[in-house]
Amino acid sequence: MNHDAFPPERSPLADWNGRLGLPEFARIEDRAFEDGFDAGFAAHNAEIAAIADNPEAPTIENTLLALELAGKTLERVSAIFWCKAGAHTNERIQRLEREISPRMARHYSAIAMNEALFERIDRLYRERDALKLDPETARVLEKCWKAFVRGGARLDAVGKKRLAEINEALAGLGAQFGQNVLADESKWALFLDEDDLAGLPQALRSAMAEAAESRGEAGRFAVTLSRSIAEPFLTYSRRRDLRETVLKAFVSRGANGGETDNAEIVRETLRLRAEKARLLGYETFAAYKLDDTMAKTPERVMELLEPVWNKAREKAAADAKELQRLATAAGDNHSIAPWDWRFYAEKLRSERFAFDEGALEPYLALENVIAAAFDVAGRLFGLTFEEIEGVPAWHEDVRVFLVRNADGTERGVFLADYFNRPSKRSGAWMSRLQTAHKLGGGQRPIIYNVMNFAKPPKGRPALLSPDDARTLFHEFGHALHGLLSEATWPSVSGTAVSRDFVELPSQLYEHWFTVPEVLSKHARHVETGEPMPMELVNKMRAARNFNAGFATTEFTASALVDMAFHAADEAPEDPLAFEAAELERLGAPAAIPMRHRTPHFLHVFSGDGYSAGYYSYMWSEVLDADAFRAFEEAGDPFDAETAGKLLKHVYAAGDTADPEALYKAFRGRMPSPEAMMEKKGLV
């Protein structure tokens, strides 16, 4: 398709003429998005019509390839818009998000239900054996055909109409859900004074001072609902009353009974998802979502989650007794509550391992951790990263890096947005402005990471906790999955893999954070430059699985509730009552809240990316524990032969083959959960 055949008045949303092939963000005004989307939809519709109405017999070139390359204007406008909607939003962007989300769903439903277009794809699929396609093209054709079927192509007219209505409604609900959570997070802050800070380390105090100043309370200290502030506060604050206030606010996001309450959105979302699944011939929404994953069925997911849940509860129960012992010894004659767990767990860590995590932070300056992540990518895959100054992006905090291959050739662009702000949704994620592929002249990847680390006062370094550092490595592992793709077809490039395989590259990459030679080189004191003492390294490694019962319980509870919601025959009338009943049935410890309670479970309800799929982190963890063992068995965490196989079959492969086949090509077999449970310290 000729993507230049558009009106001459082109917008910087569609024509990316900035440095490094980036959009010219400085020229992009929010008001331009409405016209940009209009132009993108119109251009894509014209291209789809040209493919569907082509009088020539369908071929790979005039149908499948044309379909893959169609919609570039819409793709570019969307990439910039959704980046801003997540990382730097405002009222205008949010209003448009509520309008565009249903419109996007309506647009893609119409494509999936275009009878003439599906007939061309269906004919190619029926004649695929005679076409003698290469394996990647054959897989793309099969996935395209299945996507049309799952999108309603085989439904009758009434069914198509209803499915389109459901998709449109779900898109609007997802947008509103995310905006409600962001509103609760950005509006809430607990302002404190010096007398309220007992127990808090200096790095956290500095971050709280910056948070207060940015909210117009200079000279005070603010606890926000960013994990990078809330969780350390719950860990170190000696003020039990304040810990209770913060914890209750944190778990009540989206459940405040006001305008931003998400209970009704969740109820309607679950109802529509169940109806959608039945319409497409599946018993439940979980069966529909898992049909295109490695796990395949809810039963196989439960075979993984249930044994881990039972082990985690046993471990948490044993730890709870130890925490209660410490509380009683300190004169605190109360049962361990959710706002007590992290506080006493840190005391137990200090007792067992003679250190607290705060002692590590001076050695984990953000710049050092970034350098470590880049260094590992260089040693494993030959990549180098050059920061390019003065390139504008969606916010002044965003940093831009040119990525080169080992031979010096340019591979792509990496952008990183590390710090928390009220205009950014919580969490950490990887996404892309542009996918790597080789069709029609090809294009190089433009990948970005977004984090929510606490921003330090001006002139001071940002210090990370070990969890923050692992998060950075995790999201950078996703970024490498996008940067290293060698796929020919866009639809199978990079992270476009099944949900329970996509976390393998990211979770595996976390392992290199604690490799001794990486720590010795990069974990250096922010003031003296001295490396982290080996005694501290050893204690950190020894304590790696400390509190594993808590961490695994809070995660697995979320995964189990997610699966229970979507494996049910009917959507519950009261989702929060359902959540409570499910946790009671599971025997969830009262002192350990779910990592993501239903009203703010963005993975599952702000879009359906991880719906019936939150288990996938643990599924991938089975894979990553076994995958890193390949390097341990080779006797070198940077073994060149093992790294080469990992690059070929995982990081560069995308979805060019079945993920199980790709993993077996790397490792020779599929793993069992034992390595994962051993890594977690549960066995």
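I began with Arg267, which forms a salt bridge with Glu573, the closest N and O atoms being 3.8 Å apart. My cut-off for a salt bridge was a side-chain nitrogen of Lys or Arg within 4 Å of a carboxyl oxygen of Asp or Glu. The pair links distant parts of the chain, 306 residues apart: Arg267 sits in helix 12 (residues 263–279), Glu573 in the loop between helix 22 (548–567) and helix 23 (575–586). I took helices (H or I, at least four residues) as DSSP runs, numbered from the N terminus.

The model is predicted, so I required pLDDT of at least 70 for local features and 80 or more for side-chain atom pairs, while totals for chains, interfaces and linings use all residues. Residues are numbered from 1 along each chain as its sequence is written, and side-chain values use heavy atoms, with hydrogens and water left out.

Next I looked up exposure. Buried means under 20% relative accessible area, exposed over 50%, and partly exposed in between (1.4 Å probe, protein chains only). Arg267 counts as buried at 18%. Glu573 counts as exposed at 63%.

Arg379 and Glu517 meet through their side chains in a salt bridge of 2.9 Å, N to O. Arg379 lies in helix 16 (residues 366–381) and Glu517 in helix 20 (residues 516–522), 138 residues apart, so this pair too links distant parts of the chain. Arg379 is partly exposed at 42%. Glu517 is partly exposed at 35%. I also traced shared partners: salt bridges join Lys161, Arg162, Glu165, Glu264, Arg267, Glu268, Arg271, Glu275 and Glu573 into one network.

Which salt bridge does Arg227 make? Its side chain meets that of Glu231 at 2.5 Å, N to O. An α-helix has 3.6 residues a turn, so residues three or four places apart point the same way. Arg227 is partly exposed at 24% relative accessibility, and Glu231 is buried at 16%. Over the whole structure, my search found 66 salt bridges.

I moved on to surface charge. Glu283, Glu299, Glu303, Glu306, Asp569 and Glu570 form a negative patch. For patches I used residues with over 30% relative accessible area and no salt bridge, joining like charges within 9 Å. Glu283 is in the loop between helix 12 and helix 13 (285–290). Its relative accessible area is 69%, so Glu283 is exposed.

I checked the span of helix 3 (residues 72–87). Its 16 residues reach 22 Å from first C-alpha to last, close to the 22 Å expected at 1.5 Å a residue. The expected span is 1.5 Å times one less than the number of residues. Helix 3 is largely enclosed by the rest of the structure, because 13 of its 16 residues are buried.

Asp122 was next. I placed Asp122 in helix 5 (residues 115–126). Asp122 is buried, with 13% relative accessible area.

Last, I looked at backbone angles. Asn547 is not a glycine, yet has a positive phi of about 65°. Asn547 is in the loop between helix 21 (534–542) and helix 22, and is buried at 14%. Ala612 also has a positive phi, near 55°. Ala612 is in the loop between helix 24 (602–605) and helix 25 (616–634). At 1% relative accessibility, Ala612 is buried.

Definitions and conventions:
Helix = DSSP H or I, 4+ residues; strand = E, 2+ residues; numbered from the N terminus. Patch = residues over 30% accessible without salt bridge, like charges linked within 9 Å, V, L, I, M, F, W, Y side chains within 5 Å. Areas by Shrake-Rupley, 256 points an atom, 1.4 Å probe, with all protein chains shown as cover. Lys, Arg positive; Asp, Glu negative; His and termini not counted. Charge placed at Lys NZ, Arg CZ, Asp CG, Glu CD.
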